[in-house]
Amino acid sequence: MDYVKNEKMELLLDYIMKNCLWQFHSRAWDRKTQNEGILNKLSQLLCDEKVELETSLDKCYWVDAMYLVNSYKERFPWLFSMPKSEIKLLIKELHERMDFLTITGSLNLELTDQHY
Amino acid sequence: MPYHEFDCSTTIPERKKHAVVKGPGETLVDALPAGYLNTIPGSISERGCAYCGAKHVIGTPMKDVIHISHGPVGCTYDTWQTKRYISDNDNFQLKYTFASDMKEKHVVFGAEKMLRQNIIEAFKAFPEIKRMSIYQTCASALIGDDIGAVAQGVMDEMPDVDIFVCNSPGFRGPSQSGGHHTINIAWMKDKVGQVEPKITSDYVINYVGEYNIQGDQEVMVDFFKRMGIQVLSTFTGNGSYDDLRAMHRAQLNVLECARSAEYICNELKVRFGIPRLDIEGFGFEPLSASLNKLGMFFGIEDRAKAIVDEETARWKPELDWYKERLKGKRICLWPGGSKLWHWAHVIHEEMGVDVVSVYTKFGHQGDMEKGISRCEEGALAIDDPNELETVEAMLKLKPDLIMTGKRPGEVAKKIRVPYLNIHAYDNGPYKGFEGWVRLARDIYNAIYSPIHQLAFVDISKDEIPTDKGFVTALMRSDKDLPESIKASTEIRPYSGKFDNLVAIRERVYPTFERHNVTAV
């Protein structure tokens with residue numbers, strides 16, 4: 001990842017880590033589905049793709065993704081002038097980084113507890 | 001993010017893993033304090049016990065219930081004086097507290113018979129109350145009393161009553177957090193699904209992890225009702241026992257204190273497919289975002305926006321008055337659990353104070369992940385501190401204010417650091433837009449109170465000046481402020497009522513037409 005792209009990804013990431021709570025559910029499997037559910041919808045929204053809203057869980061992910069879209073619109077207008085293919089890639093890298101910070105690289109020893 | 005070793009704890013080397021300083025450019029994967037572990041021998045913890053976490057934090061805020069501790073009378077101490085989870089039924093659960101009053105003879109011969117008598121006496125003394133919760137204590141757990149069997153016997157005999165048994169003795173887990181966990185799972189297993197509720201709105205939620213400290217729940221439920229949302233139950237502040245048996249019928253679980261109540265949300269998601277939305281009732285921006293998210297979920301964004309616009313216009317000028325006077329003040333944010341992360345960023349952004357330290361008494365590593373992500377660089381994050389460590393931190397960090405609970409608060413007072421009670425609150429409620437201004441006012445009053453200057457005079461040796469008049473808080477806070485701010489007509493100090501719940505309790509809510517479609 002080049003420096004500029006990395007810097008952009010870090011801005012998007014910092015905003016989530018500071019203002020959101022959904023990425024910090026208590027178990028690894030929950031964090032995985034949360035990251036997937038919300039960041040996939042974020043990518044779809046930013047790329048003007050169809051967003052599935054079949055279940056109430058889908059809708060819950062969509063709400064948090066919409067919050068990000070609106071916040072990013074206000075703070076990072078450059079995101080909305082990027083080509084869709086680049087946005088997709090950027091969010092994919094954001095997703096990988098989020099998974100690392102909150103799941104695979106996390107020092108939280110409770111993440112692998114089998115029960116709530 | 002280097003681990004931090006306190007000078008006073010060098011003889012307890014294990015403590016080093018429980019504190020870190022948030023360093024520049026570092027992330028959560030570099031260092032994270034250990035958490036939710038047994039307190040290390042030699043360290044005098046400020047924690048409570050698992051019985052306390054189950055009963056005094058989560059169980060007792062349920063309002064229409066006789067709450068009995070099956071144990072010595074001292075176990076039930078926390079009540080009217082120390083807890084402030086009020087309710088709209090004349091505070092029944094705070095005014096009356098019950099214990100079976102176990103003595104040595106019961107330890108020797110068993111206390112089940114005595115417990116049964118207690119239960120029946122309590123129901124007879126309060127015939128309008130038909131619900132009860134019984135809390136095991138260390139004493140009754142050790143002698144093996146079968147509280148469940150006693151409760152079932154009474155329910156067979158008195159079919160109009162229902163009893164919930166919580167087996168969470170003090171030793172079950174490293175802290176009160178063990179009790180939060182136990183009672184969440186027990187309520188889910190034993191009680192959820194037993195009552196079918198009356199649905200009155202197209203939009204139905206459970207409000208979870210909210211304990212109505214000085215009316216927080218009533219402030220938030222007021223917003224929900226203004227949006228036309230039915231709050232099926234509140235887990236548990238100002239909550240009703242039978243409403244909480246109907247939690248399975250909500251469309252959405254709206255969660256505030258994840259530390260104490262995420263377990264039941266997670267179980268409701270797994271068993272009933274009800275999604276969990278984490279929200280925040282503190283701070284203008286997080287609260288506005290939360291109401292907007294709720295509006296989006298149900299497709300009623302316009303109702304959320306109307307509330308946010310109205311409340312912001314009314315209260316923002318008052319918040320800004322305090323922000324101008326609190327900028328740069330150094331705060332130690334030392335709560336029990338969730339306020340560590342609910343407040344770490346927003347108190348800095350919206351009130352201008354610098355959070356120089358965060359700590360948690362009973363939080364888990366997940367709470368530290370949230371808190372460290374949100375606080376500013378350089379903050380000292382501590383898990384389960386002992387009193388010597390908190391004194392050392394205060395002397396080193398030189399904070400203008402400690403925001404914490406009663407026990408460490410009294411320690412702060414001894415070294416003349418102002419302290420604000422953010423567990424039971426000073427002049428809450430602190431949730432809601434107005435509540436956030438009330439918190440700013442309490443912080444302002446704590447920091448600028450002239451009493452702290454007087455406290456630094458040692459009357460045994462210092463000369464008491466008699467030629468100087470008394471200095472007010474305003475004189476102190478405005479001393480170095482630019483004239484443009486002092487004279488500003490755009491901002492003003494808090495102008496709300498002493499008791500802001502009166503208007504809420506009298507409010508008449510709009511009725512919204514229901515549609516024959518499910519909301520999700």
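# Domains, helices and sheets of chain B

Me: What makes domain 1 of chain B and domain 2 of chain B count as being in contact?
Reply: In this predicted model, 13 residues of domain 1 of chain B are in contact with 15 residues of domain 2 of chain B. The test is that C-beta atoms, placed from the backbone, lie within 7 Å. On the domain 1 side, the touching residues are seven nonpolar, one polar and five charged. The C-alpha centres of these two domains lie 28 Å apart.

Me: Which stretches of chain B make up the domains?
Reply: Domain 1 covers 50-173, domain 2 covers 204-311 + 501-506, and domain 3 covers 316-486.

Me: And between the chains, what makes up the contact?
Reply: Chain B brings 26 residues and chain A brings 21 residues. On the chain B side, at least two residues each come from helix H10 (258-272), strand S9 (276-278), helix H11 (284-298) and helix H15 (365-374). H15(B) gives the most, with six residues. By class, the chain B side has eleven nonpolar, eight polar and seven charged residues.

Me: Which residues of H12(B) and H18(B) meet?
Reply: From H12(B) they include Trp315(B), Leu319(B) and Tyr322(B), and from H18(B) they include Trp436(B), Val437(B) and Tyr444(B). Counted by class, this contact has ten nonpolar, one polar and five charged residues.

Me: What makes S10(B) and S11(B) a pair?
Reply: Pairing needs at least two bridges, and four bridges join strand S10 (residues 330-333) of chain B to strand S11 (residues 354-360) of chain B. These two strands run parallel. Arg330(B) stands opposite Asp354(B) in S11(B).

Me: How many strands are in the sheet that holds S2 of chain B, and what is its pairing?
Reply: Four strands form this open sheet, in the order S3-S2-S4-S5 (chain B), and the pairing is parallel. Its edges are strand S3 (98-99) and strand S5 (162-166) of chain B.

Me: What makes S2(B) and S3(B) a pair?
Reply: Strand S2 (residues 66-70) of chain B and S3(B) share two bridges, and at least two are required. Ile68(B) has Phe98(B) as its bridge partner in S3(B). Helix H4 (residues 112-125) of chain B lies across S2, S3 and strand S4 (131-136) of chain B, at about 165° to S2(B). Helix H6 (residues 147-157) of chain B packs on the sheet too, touching S2, S4 and S5 of chain B, with its direction at about 175° to that of S5(B).

Definitions and conventions. Residues are numbered from 1 along each chain as its sequence is written. Chains are lettered from A and ligands numbered from 1 in the order in which they are written. This is a predicted model: local features need pLDDT of at least 70, side-chain atom pairs count only at pLDDT 80 or more; totals for chains, interfaces and linings use all residues. Domain bounds come from an automatic or database domain assignment. Two residues are in contact if their C-beta atoms, placed from the backbone, lie within 7 Å. Ala, Val, Leu, Ile, Met, Phe, Trp, Tyr, Cys and Pro count as nonpolar, Asp, Glu, Lys and Arg as charged, and the others, Gly among them, as polar. Axes are lines fitted to C-alpha atoms, for helices over the stretch in contact, and angles run from 0 to 180 degrees between N-to-C directions.
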